[in-house]
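Dear colleague,

Please find below the structure that I am handing over to you. My notes on what was found in it follow directly after.

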Amino acid sequence: MKKLFFMLFLLLLVTETTFAQGLSYGVKAGVNRSTITGMDEKNRIGFVGGGFAAYRWPGWIALQGELLYSQQGAMQGANYDYLLSLDYLNVAVMANFYLVNGFNFQAGMQPGFLLRAQRETAQGAVKMDCRTFSLNYALGIGFDYGRFTSSLRYTLGANTINPRTSPLGVSENSVFQLMVGWRFGPGAHIEAAKVKSR
């Protein structure tokens with residue numbers, strides 16, 4: 001019985017150690033270029049940033065979760081003189097497919113929770129009636145090397161920001177994101193080691 005428990009303990013220890021070797025986490029920040037589909041608008045330039053955690057399996061695939069504060073919306077009006085400001089807390093779940101030398105293709109979903117919605121003009125700000133939950137498709141490319149990580153991503157809303165009458169194809173979030181970050185944990189050095197070994 002003691003031998004059985006000892007073997008189980010060794011198995012759990014090896015499993016935990018192996019799992020930890022692929023684990024990384026960190027922070028990232030960048031810039032959004034956002035608009036609302038189907039409307040005569042100009043892009044809003046805003047901030048995006050937050051934290052992430054990823055697990056890289058041996059080979060070419062990783063699963064990554066992110067918690068991001070994201071400034072979205074668009075410039076509106078006859079002279080694009082007021083801002084539709086939509087700020088979200090986005091929870092991205094991405095599958096990263098590694099191709100060569102740290103380059104990767106990313107695909108996933110990004111639920112977003114509305115923090116603020118208002119129309120801002122020179123006369124002040126007015127609160128807007130917008131949907132409080134946004135579900136978004138996400139596609140992108142990335143590059144990882146050691147602790148450094150970067151990505152260029154596009155997200156498109158699967159539902160509208162208008163809670164009442166807007167059909168699909170009109171009034172969805174449309175966002176390009178450029179982000180850079182810094183990773184920690186044992187999994188942060190996987191790609192650098194592979195490049196050096198070639």
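How much space lies in the largest cavity? In this predicted model, the largest cavity holds about 60 Å³ of space. The structure has 4 cavities of 30 Å³ or more. Lining the largest cavity are K28, Q64, E66, N96, N104, Q106, D144, T149, S150, S151 and R153. At least two lining residues come from each of strand 3 (61-76), strand 5 and strand 8 (148-157). Strand 8 contributes the most, with 4 residues of the lining.

For orientation, the overall layout is as follows. The protein chain contains 2 helices and 9 strands, and from the N terminus on its elements run α-β-β-β-β-β-β-β-β-β-α. The chain has 198 residues, of which 40% count as buried. Among contacts in the chain with a separation of 6 or more, 60% are between residues 24 or more positions apart.

In soluble globular proteins, nonpolar side chains tend to be buried together. The largest nonpolar core in this model consists of 9 residues, namely I36, A74, L84, L86, Y88, L114, A117, C130 and I161. The largest share, 3 residues, comes from strand 4.

One member of this core, Y88, deserves a separate note. Leaving out residues up to four places away in sequence, Y88 touches L68, Y69, S70, Q72, G112, F113, L114, L115, S134, I161 and N173. Two of these partners, L114 and I161, are also listed in the core.

The aromatic residues form a further topic. The structure holds 8 aromatic pairs. In one of them, the ring centres of F103 and F143 are 4.7 Å apart and the planes stand at 45°, so this pair counts as tilted. Because F103 belongs to strand 5 and F143 to strand 7 (residues 133-145), the pair ties together parts that are 40 residues apart in sequence. Are these two residues buried, exposed or partly exposed? F103 has a relative accessibility of 46% and counts as partly exposed. F143, at 24%, also counts as partly exposed, because the cut-off for buried is under 20%.

Elsewhere, W60, F97 and F105 form one aromatic cluster. Two charged side chains also lie over ring faces. K28 sits over the face of F52, at 5.3 Å from the ring centre, and K28 is also one of the residues lining the largest cavity. R56 lies over the face of Y98, at 3.8 Å from the ring centre.

Finally, I would draw your attention to L135, which is found in strand 7. Its relative accessible area is 29%, so L135 is partly exposed. Which residues does L135 contact, leaving aside its neighbours within four places in sequence? They are M109, Q110, P111, L156, G157, A158 and N159. One of these, A158, is 23 residues away from L135 along the chain, and the C-alpha atoms of the two are separated by 5.4 Å.

With kind regards

Technical notes. Residues numbered from 1 in each chain as written. Predicted model: local features only at pLDDT ≥ 70, side-chain atom pairs only at ≥ 80, totals over all residues. Heavy atoms only, no water. Core = buried A, V, L, I, M, F, W, Y, C linked by side-chain atoms within 4.5 Å. Buried < 20%, exposed > 50% of the residue type's maximum accessible area, 1.4 Å probe, protein only. Contact = heavy atoms within 4.5 Å. Phe/Tyr/Trp six-rings, centres within 6.5 Å; stacked < 30°, edge-to-face > 60°. Lys NZ or Arg CZ within 6 Å of the ring centre and 35° of its normal. 1 Å grid on protein atoms, 1.4 Å probe; cavity = no way out; pocket = protein on both sides within 12 Å on 5 of 7 lines; lining within 4 Å. Points joined across faces, edges and corners; volume = space filled by probe spheres on them.
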